[in-house]
Amino acid sequence: MLKSVTTDIESLKILDERLRWLSAWTIHHANHVRESEDGLKVGGHQASSASMSAIMAALYFHALGENDRVAVKPHAGPVLHAIHYLLGVQSREALENFRGFGGAQSYPSRTKDKIPVDFSTGSVGLGVAITLFASLVQDYLTAHGRMDEKARGRFVALIGDAELDEGNIYEALIEGYKHDVCNLWWIVDYNRQSLDATSADRMFERFDEIFQSCGWRVVELKYGKRLAAALKSNPKLKTWFEALSNAELSALHYQGGSAWRTKLEADLGKGAAPFLKDHDDAALGALFSDLGGHCMESLVEAFDAAQDDVPTLFIAWTIKGYGLPFAGHKDNHAGLMNPTQLAALRETMGVREGEEWTPLEGIGDNARPGVEALIERSRIIREKRMRSFGAVTVPSIPAPAGEEQSTQAAFGRILLELSKSGGDLADRILTTSPDVTVSTNLGAWVNQRGLFRRSDSPDVFAKAKIASAQKWSGSNQGQHIELGIAESNLFLMLAAAGLSGDLFGERLFPIGTLYDPFIARGLDALNYACYQDARFLLVATPSGITLGPEGGAHQSINPPLIALGQPGLRHYEPAYADELAAMMEEAFRLIDDPAGESTYLRLSTRNIAQVERSDDRWREDTLSGGYWLREPGPNAEAAIVAMGAVMPEALAAWEELRHDVPGLGLLSVTSPDLLHRGWTAAQAARWGGTRNPSHAERLLSQLSPRAGLVTIADAAPASLSWLGGVLGQRVAPLGVEKFGQTGSLADLYAAYRLDGDAITEGIAELLLAQ
Ligand SMILES: Cc1ncc(C[n+]2csc(CCOP(=O)(O)OP(=O)(O)O)c2C)c(N)n1
Ligand SMILES: [Mg+2]
């Protein structure tokens with residue numbers, strides 16, 4: 001074997017070029033080489049990738065350890081794939097099929113990509129913030145003795161500078177500071193360009209202060225070594241350079257050497273002459289492009305110097321499209337090189353035509369051993385981490401006793417019982433809430449299990465013997481993570497804790513509570529959690545106009561529709577405490593099941609009389625989405641179909657109408673989401689030759705095919721009205737379509753037509769219309 005004559009830095013520079021080439025080529029191939037079947041633009045981000053290749057080379061082939069986890073800026077996905085290609089982990093087929101069906105995904109995806117992806121990214125900002133919560137989960141697991149100190153790693157986010165506009169980053173930053181979060185590197189690819197244009201100058205000096213005031217170390221990598229030296233020896237040049245705006249700098253980077261010369265002459269006149277005499281145009285362009293984020297020496301030095309666990313923001317100055325013909329152009333975000341430009345790049349990279357995919361093509365014999373050694377030595381994991389499932393026994397969860405109960409209170413009691421009885425499941429539960437712990441009935445659980453804090457925080461009120469039902473002391477053994485009011489953080493916390501089995505090999509059972517209407521506040525983060533297949537239990541309570549005196553701002557209407565359209569999240573809405581107990585048991589089971597999912601429970605504060613059960617049949621049907629609370633007679637002409645907190649109205653109407661409407665049934669829907677999924681799945685299966693009616697079909701076929709259904713829910717009526725489409729039965733939908741307001745239940749149910757009269761009118765209309 002040839003002995004390497006290159007240093008690691010030189011090898012890293014070669015790898016930087018390789019990554020720039022392979023990412024550009026992968027995108028080019030998908031757009032210009034691969035056969036297009038539909039004529040759709042394939043796309044990809046050559047400029048965003050080139051901007052980060054040096055940073056990522058320095059990280060993946062030098063700085064990252066095996067326990068470190070990274071969220072990669074979505075538009076640098078091709079660089080991540082190129083890295084794994086060089087590591088021998090990513091296949092050429094997947095790269096050739098970049099953005100194609102089954103190929104490498106446009107943006108790194110935990111679930112769809114075949115390479116190890118620690119965090120999916122795509123919706124900018126969220127990938128950044130989740131690293132903070134993942135670090136907190138690591139602290140939690142180590143404090144709880146579930147993770148070895150030696151297995152701890154660092155959480156790295158690679159950030160686009162325009163991504164820094166996303167508010168969720170600052171919500172996370174604030175929360176992180178409260179929890180003394182550590183082991184974070186956030187690395188900004190500071191190319192000063194967004195999607196639309198170059199970015200505003202005014203904000204930039206401010207980011208340092210924002211992060212520093214939250215306890216972060218800020219490391220700015222503005223100049224590369226050569227540019228720094230040149231500016232140091234020439235203060236006038238430095239002052240001039242630093243006065244250029246983002247837009248001016250970018251335009252000059254795009255125009256290149258002669259434009260730098262012209263601009264210098266115009267601005268500094270004769271003063272620039274000695275400097276210009278020493279530099280030809282190419283040298284000028286190269287010197288001013290030597291920004292910190294492209295200078296391997298500076299990157300390696302900065303990473304090596306930040307080896308403690310202080311959270312660190314690196315601001316690495318870069319040029320968007322570095323080394324490509326559209327470097328610095330304000331419109332280059334989705335820019336693609338044309339075949340001629342690509343061929344020119346290939347030439348300069350020393351890649352022979354036809355050898356574009358050869359991993360180390362164009363690297364001379366002298367340099368090759370050094371590069372190969374670095375690839376070999378890279379400490380990042382080569383294979384997807386094993387997902388941890390099926391390790392926890394979920395005990396049966398009894399229903400809390402009580403003739404009258406609300407589902408919200410029952411939830412609190414079930415958790416209290418779990419915490420008292422103990423066991424593996426209870427010990428693995430992590431609860432979290434954005435400042436609504438007490439008002440969502442998590443309080444009793446927290447009294448038992450305590451708040452999680454990295455260092456002890458005493459309950460000052462308790463110490464002062466001030467009476468309070470709620471204990472509020474924290475220790476590193478606590479099991480509740482209290483968050484500030486930022487629902488986006490709640491979902492990111494659930495996402496991170498819900499990935500603990502994947503990231504750390506230790507399953508947690510995360511339960512997050514919030515008020516139902518405020519799901520919308522964190523919706524993208526919720527979707528993000530589901531997209532990565534994080535597993536958790538979301539308890540949304542109170543809900544609906546049933547909240548009465550709290551009024552319209554707190555009365556939720558559409559979350560069941562949100563759930564109906566959200567993959568990876570199962571909606572259950574119980575009316576009774578025993579249903580809730582069954583649902584929670586199922587939700588825990590689903591968290592630890594490879595084929596499972598997360599669960600959303602929509603609960604209520606309304607106390608309602610519980611029903612007598614004559615047998616256990618309701619249980620299985622409850623978990624499948626609905627059951628006959630009152631069986632219909634043979635060929636019944638009508639049924640009331642009700643969900644959740646309005647069940648007493650439905651039952652009362654059933655009692656009143658059953659003599660006039662022979663065989664009238666009362667269907668209790670516990671999950672419109674599951675009924676709908678089952679319905680479409682059965683239809684799809686029929687096309688595959690399997691004839692199995694769905695649960696909704698089975699239930700509704702107990703009625704006459706011409707039967708009428710009055711559907712009623714304290715939610716948007718479309719949550720249930722679609723049931724008429726299953727067998728073509730007619731529907732009178734009742735539900736909430738206007739914003740709520742304050743009032744007693746009787747007032748509101750009458751005004752919004754959620755009462756017995758409305759049900760009677762609905763039934764009458766359906767029967768008369770026959
Ligand atoms: C939440 C969200 N909004 C909008 C977009 C569309 N988008 C993708 S990249 C981008 C600009 C990114 O600029 P920057 O973060 O600076 O990254 P660069 O490509 O410059 O490295 C936008 C607006 C997105 N992906 N996510
Ligand atoms: Mg940018």
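Student: Which residues of the largest nonpolar core touch the most other members?

Tutor: A nonpolar core is a set of buried residues joined through their side-chain atoms. In this predicted model, the largest such core has 88 residues, and those touching the most other members are Trp-186, Phe-211, Phe-241, Trp-260, Phe-288, Phe-536 and Leu-538. Helix α5, residues 126–143, gives the most to this core, with 11 residues. Apart from it lies another core, of 62 residues, including Phe-61 and Phe-303.

Student: Which residues is Leu-538 in contact with, leaving aside its neighbours within four places in sequence?

Tutor: Among them are Leu-490, Phe-491 and Leu-494, as well as Thr-599, Tyr-600 and Leu-601.

Student: At what angle do α5 and helix α21 pack?

Tutor: The angle is about 60°, and the axes of α5 and α21, the latter spanning residues 487–497, are 8 Å apart. Angles from 65 to 115 degrees would count as roughly perpendicular and those under 35 as roughly parallel, so α5 and α21 are oblique to each other. The crossing of α5 past α21 is right-handed, and the contact involves residues including Ile-130 and Phe-133 of α5 and Leu-492 and Met-493 of α21. By class, this contact has 12 nonpolar, two polar and no charged residues.

Student: Does Asp-578 count as buried or exposed?

Tutor: Buried means under 20% relative accessible area, and because Asp-578 has 16% relative accessibility, Asp-578 counts as buried. Asp-578 lies in helix α25 and, not counting residues up to four places away in sequence, touches Ala-399, Gln-610, Arg-613 and Trp-618.

Conventions:
Residues numbered from 1 in each chain as written. Chains lettered and ligands numbered in written order. Predicted model: local features only at pLDDT ≥ 70, side-chain atom pairs only at ≥ 80, totals over all residues. Heavy atoms only, no water. Core = buried A, V, L, I, M, F, W, Y, C linked by side-chain atoms within 4.5 Å. Buried < 20%, exposed > 50% of the residue type's maximum accessible area, 1.4 Å probe, protein only. Helix = DSSP H or I, 4+ residues; strand = E, 2+ residues; numbered from the N terminus. Contact = heavy atoms within 4.5 Å. Axes fitted to C-alpha atoms, helices over the stretch in contact; angles between N-to-C directions. Parallel < 35°, antiparallel > 145°, perpendicular 65-115°, else oblique. Left-handed = near helix turned anticlockwise from the far one by under 90°. Nonpolar A, V, L, I, M, F, W, Y, C, P; charged D, E, K, R; others polar.
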